[in-house]
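Here is a protein to look over together. Some of the labels we put on it deserve a friendly "how do you know?"

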Amino acid sequence: MELEVNFKDISNEMTNILEEKNKAYGNSFDLTMDKWGTNVAGARLDDKINRIDGMLQDGNLIKNGESLLDNLFDLSGYSFLLIRYLVNKGVFTEDQVRKYFAVLDNQ
């Protein structure tokens, strides 16, 4: 049996994961960013990239109870969280935000 997922399936699952984690842990990403600065996000992304690279290099797709898929979702999740944080903090211009979030044009 061959499984197939599309981009929407992946982004929907990412949304579900983030909503569940935010419900369980509160808005810990934003709180950490406010407390320690945006370099924290870079460190988290770098850690995940290193873990993913290690798994791909040695072919061991499960380490310490975490799969490659877990780590890929974590990497994507941190990217989602960082985008949301930076947009909500007003880091980008309105034109930059509208380029990616056309839904704002309806407001």
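What follows is a short exchange about this predicted model.

Q: What makes N64 an exposed residue?
A: The relative accessible area of N64 is 81%. Exposed means over 50%, so N64, at 81%, counts as exposed.

Q: Where does N64 sit, and how do you know that β1 and β2 count as strands?
A: N64 lies in the loop between β1 (62-63) and β2 (66-67).

Q: What is said about the phi of N64?
A: Its phi is positive, about 50 degrees, although N64 is not a glycine.

Q: Which elements does the protein have, and in what pattern?
A: The protein has 5 helices and 2 strands. Along the sequence they follow α-α-α-β-β-α-α.

Q: What makes a residue count as buried here, and what percentage of the protein does?
A: Buried means under 20% relative accessible area. Of the 107 residues, 22% count as buried.

Q: How do you know which pairs of residues are in contact, and what percentage of the contacts join residues at least 24 apart?
A: Two residues are in contact when heavy atoms lie within 4.5 Å. Among contacts between residues at least 6 apart in sequence, 53% join residues at least 24 apart.

Technical notes:
Residues are numbered from 1 along each chain as its sequence is written. This is a predicted model: local features need pLDDT of at least 70, side-chain atom pairs count only at pLDDT 80 or more; totals for chains, interfaces and linings use all residues. Side-chain values use heavy atoms; hydrogens and water are left out. Helices (H or I, at least four residues) and strands (E, at least two) are DSSP runs, numbered from the N terminus. Buried means under 20% relative accessible area, exposed over 50%, partly exposed in between (1.4 Å probe, protein chains only).
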